[in-house]
Structure formats: structure tokens, C-alpha cells
Amino acid sequence: MDASSTVANHHADHPGFAGVGGLLIGLIMSAAGGAVARLVADLASVSGTDQVIDIGCGPGTAAREAARRGASVTGVDPAPVMLRLARALTRDRSRLSWTEGTAEDLRLPDGSATVAWSLATVHHWRDLTAGLAECKRVLSPGGRFLAVERRSPPGATGLASHGWTEEQAESFASQCRSAGFDDVHVERHQPGRRPLYVVAAIRPAHGDAAGSA
């Protein structure tokens with residue numbers, strides 16, 4: 001097996017979203033993302049006691065779903081165009097805030113979240129080790145982490161390759177274990193037309209301090 005076929009951030013060289021093209025992509029993402037947003041909120045058991053960080057929030061569909069369930073939510077994205085769109089699409093802003101950042105630099109306090117998730121963005125992360133260390137740092141002990149990617153067939157090219165094969169999902173789960181997460185497992189779901197991989201993990205409730213690897 002080619003080692004590159006197991007790399008979970010195999011599109012780390014993506015230039016990011018900007019301009020009119022980025023706005024159009026964001027609108028498409030907003031229209032198509034409702035089922036996945038509801039799925040991840042269900043899987044994380046989001047409630048009014050939660051502080052949620054949406055890493056790579058895009059137009060904010062999942063962030064708004066978590067806020068509708070009573071959580072306080074911070075959406076983080078590296079693309080200003082996505083954050084502008086997220087703000088424009090958000091009517092009730094009482095539980096939502098938006099900030100520019102990346103998985104590797106979330107710019108949020110240690111232990112400030114009970115839930116962190118990344119929907120269809122891990123395959124774009126520049127540095128998986130740094131990104132997972134940041135996720136662990138911002139989660140409080142016992143906090144839940146979920147990474148969701150669409151299932152991509154081996155050998156796929158173009159848009160169809162923007163997701164994970166089974167090997168890439170398992171590789172990311174292994175990296176979560178190496179980063180110190182507990183109860184790491186891969187799940188398969190299909191909330192709509194596209195099947196998904198979900199890697200779920202827990203920040204240990206005891207042991208090392210927030211921010212340590």
C-alpha cells in the first residue's frame with residue numbers, strides 16, 4: 001500500500017476559500033449541510049450545558065444547530081469570507097461567536113470547551129499533530145471530540161477525493177490515540193445521500209493537564 005493513501009490530511013495544500021468563489025462554495029455548504037449538522041450534534045449529545053467549538057465552521061450550519069440546542073458556540077475558520085457569511089446567516093447571535101483561526105491555532109483558552117468538532121476539514125489541516133494538540137488543549141477533561149469526513153473511494157481524484165478512505169479514517173483514529181485521547185473509535189453514518197466516517201474521541205478526565213500532549 002502506498003503510504004500516502006493513509007494520510008488523513010491529504011489535501012493540506014488546499015489554498016483556502018476567498019472572494020466570490022468562496023462565497024458561492026459557502027452558500028452551497030450552507031444549503032447542503034443540515035443533515036450532517038444534526039448528526040454531529042446528536043452524536044455529541046449537545047445540550048444547554050455545553051461549550052462547543054466548531055473548527056473550520058464554514059458558513060456556520062453546525063454551529064447554529066448546536067446553539068439551537070442551547071449550547072454556547074464559537075465558530076473558528078481561517079477564511080474571512082466564511083466568517084462573514086456565517087454572521088450574515090445567523091439571526092440569533094446570543095449564543096454564537098465567530099473568530100478567525102486554524103485547527104493548529106484556535107486562539108481560545110485552555111479547557112474552554114466541552115465539545116470540539118471538525119466537519120469535512122481535517123483533510124485540509126496543515127499539521128495533524130499540532131491540530132490534535134490544540135483540540136486537546138481547548139477541551140476540558142472529559143470533553144468530546146468528533147471529526148467527520150465523507151467516505152471517499154480508494155483512488156478517487158478531484159472533488160471525490162476530498163474525504164477519507166477507510167484507511168485514512170483509521171489512520172486519523174490512530175493519531176488521536178497517540179495524541180492522548182481516550183475511547184477513540186471510527187463510526188460509519190449516512191444522514192443523507194453521502195456516507196460518512198466519524199472519528200469520535202474523549203479528552204481524558206484525569207491525568208495530564210490541559211494543553212499537554
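## Getting started

A residue is called buried when its relative accessible area is under 20%, exposed when that value is over 50%, and partly exposed in between (1.4 Å probe, protein chains only). Helices (H or I, at least four residues) and strands (E, at least two) are DSSP runs, numbered from the N terminus.

This is a predicted model, in which local features need pLDDT of at least 70 and side-chain atom pairs count only at pLDDT 80 or more, while totals for chains, interfaces and linings use all residues. Residues are numbered from 1 along each chain as its sequence is written, and side-chain values use heavy atoms, with hydrogens and water left out.

## An enclosed helix

Let's apply those terms to helix H3 (residues 61–68). Seven of its eight residues are buried, so H3 is largely enclosed by the rest of the structure. The buried ones are Thr61, Ala62, Ala63, Arg64, Glu65, Ala66 and Ala67. Just after H3 comes glycine 70, with a positive phi of about 100°.

## The sheet

In what order do the seven strands of the open sheet lie? The order is S3-S2-S1-S4-S5-S7-S6, and the pairing is mixed. Two strands count as paired if DSSP finds at least two bridges between them. S3 and strand S6 (182–189) stand at the edges with a single partner strand each, so one side of each has no neighbour in the sheet. From one strand to the next, the twist averages 15°; axes here are lines fitted to C-alpha atoms, for helices over the stretch in contact, and angles run from 0 to 180 degrees between N-to-C directions.

Now look at both ends of that order. Strand S2 (residues 72–77) pairs with strand S3 (residues 96–100) in the parallel sense over five bridges. S6 and S7, by contrast, pair in the antiparallel sense over six bridges, and a hairpin of six residues joins them. Histidine 185 has alanine 200 in S7 as its bridge partner.

## Helices on the sheet

H3 lies across strand S1 (51–55), S2, S3 and strand S4 (113–119), running at about 150° to S3. Helix H6 (residues 166–178) also packs on the sheet, touching strand S5 (139–150), S6 and strand S7 (196–202), and its direction makes about 160° with that of S6. Contact means heavy atoms within 4.5 Å.

## Nonpolar cores

A nonpolar core is a set of buried Ala, Val, Leu, Ile, Met, Phe, Trp, Tyr and Cys residues joined through side-chain atoms within 4.5 Å. The largest one has 30 residues, and Trp125, Phe145, Trp164, Phe172 and Phe181 have the most contacts inside it. Among the elements that each supply at least two of its residues are helix H5 (128–138) and H6.

Not counting residues up to four places away in sequence, phenylalanine 172 touches several residues, including Val122, Trp125, Leu132 and Trp164. Apart from this core lies another of 26 residues, among them Ala41, Val115, Leu146 and Leu196.

How many disulfides does a search of the whole structure find? It finds zero, where a disulfide is a pair of cysteine sulfur atoms within 2.5 Å.
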